[in-house]
2 protein chains.
Amino acid sequence: MDEEKQVAYVADIEKELRYVSSWIKQRGREILYDYHITIPQFLALQYLFEAGDMTIGELSTKMFLAFSTTTDLIDRMEKRQLVQRVKDEKDRRVVRIHLLGEGERIIEEVINKRQQYLSGVLAHFNDADIVSLQGILAKLHQEMKEK
Amino acid sequence: MDEEKQVAYVADIEKELRYVSSWIKQRGREILYDYHITIPQFLALQYLFEAGDMTIGELSTKMFLAFSTTTDLIDRMEKRQLVQRVKDEKDRRVVRIHLLGEGERIIEEVINKRQQYLSGVLAHFNDADIVSLQGILAKLHQEMKEK
């Protein structure tokens, strides 16, 4: 396809990806009301779930938050036993935030809710579309990792 | 395909969508450093960009934030001339938050950055894949709107 057409396709894919992922996200987050979890708390749980234990500094950078804001956030989450501060075994001065069972359970429940919603939406798709979508997304993911 | 296989596909599509959209999002947000915009400020800009003018109450609900937190957020954004409080013409007691030119410009620049990144990733895809991805995402979006 020519360059102009390609640019239009990319713009459209970016927009559709933004909408689709934002709708799925909203559906997953509906359960957060039941747990009285705030969005920053949820995002911290999600980063820890995906990337494993992190220092407050690393988490601040990921979340675009000030160090002090992240410290307050983690204090509140530690009180609710969602996370725990753990000292590095080799260097006791380094402290990392570790996701606890309850925090992990909430993330898994959110993912479960997202899957249920997506399953309902994909019910109207034929098998070929589902296989094709999975294949192209996996390829996109692979390309992104290699960049 | 049988139900077990379908469940596995849905789980995989949910996961890949989560990764892919989070990578694109991170790339878009890199420019926020240059503008000293925080993530809550950016999210507020994005909601106003997508849904148009909103009351503080509506924005609080969307952002899962307390009313007072959203008020503080909007105060800071109004000082930076990213948004503006506007009284409803018919009912002067109703105040809505309106996105100003500078706020809009930042969102557009983030979207532009996302497109550039996606374009680089899609450079290794053939035309058929790009067309297919666009088509399936548009269909997903349509199904979500109808639900």
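**Close-up views of a predicted two-chain model**

**View 1. B:Asp2 counts as exposed, with 6 C-beta neighbours inside 10 Å.** The coordinates shown here and in the other views come from a predicted model. B:Asp2 sits in the segment before α1 of chain B, a helix that covers 3–29. The cut-off for exposure is 12 or fewer such neighbours, so a count of 6 puts B:Asp2 in the exposed class.

**View 2. Chain A has 7 helices and 2 strands.** Read from the N terminus, the order of elements is α-α-α-α-α-β-β-α-α. The radius of gyration of chain A is 19 Å. The globule rule gives 15 Å for 147 residues, and 19 Å is well over that, so chain A is more spread out than a compact globule. Along the principal axes, the C-alpha atoms of chain A fill a box of roughly 55 × 35 × 25 Å. Of the 147 residues in chain A, 29% are buried. Take the contacts in chain A with a separation of 6 or more: residues 24 or more positions apart account for 50% of them.

**View 3. At the interface, 41 residues of chain B are in contact with 40 residues of chain A.** On the side of chain B that touches chain A, the elements giving two or more residues are α1, α6 (101–122) and α7 (127–146) of chain B. The most comes from α1(B), with 14 residues. By residue class, this side of chain B divides into 24 nonpolar, 8 polar and 9 charged.

**View 4. The largest nonpolar core holds 28 residues.** Which of them touch the most other members? They are A:Val20, A:Leu118, A:Leu137, B:Val20, B:Leu118 and B:Leu137. Elements of both chains give two or more residues to this core: α1 (3–29), α6 (101–122) and α7 (127–146) of chain A, together with α1, α6 and α7 of chain B. In soluble globular proteins, nonpolar side chains tend to be buried together. A:Val20 can be followed across to chain B. Leaving out residues up to four places away in sequence, A:Val20 touches B:Leu17, B:Leu137, B:Leu140, B:His141 and B:Met144.

**View 5. Helix α6(A) has 22 residues, and its end C-alpha atoms are 31 Å apart.** At 1.5 Å a residue, the helix should span 32 Å, which agrees. The buried residues in α6(A) are A:Gly103, A:Ile106, A:Val110, A:Arg114, A:Gln115, A:Tyr117, A:Leu118, A:Val121 and A:Leu122. An α-helix has 3.6 residues a turn, so residues three or four places apart point the same way.

**View 6. A:Gln46 lies in helix α3 of chain A.** Is this residue buried, exposed or partly exposed? A:Gln46 has 19 other C-beta atoms within 10 Å. Burial needs 20 or more, and exposure 12 or fewer, so A:Gln46 is partly exposed. A:Gln46 and A:Val110 are 64 residues apart along the chain, and their C-alpha atoms are separated by 9.9 Å. A:Val110 is one of the buried residues in α6(A).

**View 7. A:His36 has a positive phi of about 50 degrees, although it is not a glycine.** A:His36 is found in the loop between α2 (32–35) and α3 (39–51) of chain A. Because 8 other C-beta atoms lie within 10 Å, A:His36 is exposed.

**View 8. B:Gln81 also has a positive phi, of about 60 degrees, and is not a glycine.** The loop between α5 (67–79) and β1 (83–87) of chain B holds B:Gln81. Its count is 11 C-beta neighbours inside 10 Å, so B:Gln81 is exposed.

**View 9. B:Ser68 lies in helix α5 of chain B.** Its 10 C-beta neighbours inside 10 Å make B:Ser68 exposed. B:Gly57 is 11 residues from B:Ser68 in sequence. The C-alpha to C-alpha distance between B:Ser68 and B:Gly57 is 9.7 Å.

Technical notes:
Residues numbered from 1 in each chain as written. Chains lettered and ligands numbered in written order. Predicted model: local features only at pLDDT ≥ 70, side-chain atom pairs only at ≥ 80, totals over all residues. Helix = DSSP H or I, 4+ residues; strand = E, 2+ residues; numbered from the N terminus. Contact = placed C-beta atoms within 7 Å. Nonpolar A, V, L, I, M, F, W, Y, C, P; charged D, E, K, R; others polar. Core = buried A, V, L, I, M, F, W, Y, C linked by C-beta atoms within 7 Å. Rg over C-alpha atoms; globule rule 2.2 N^0.38 Å. Expected span 1.5 Å × (residues − 1).
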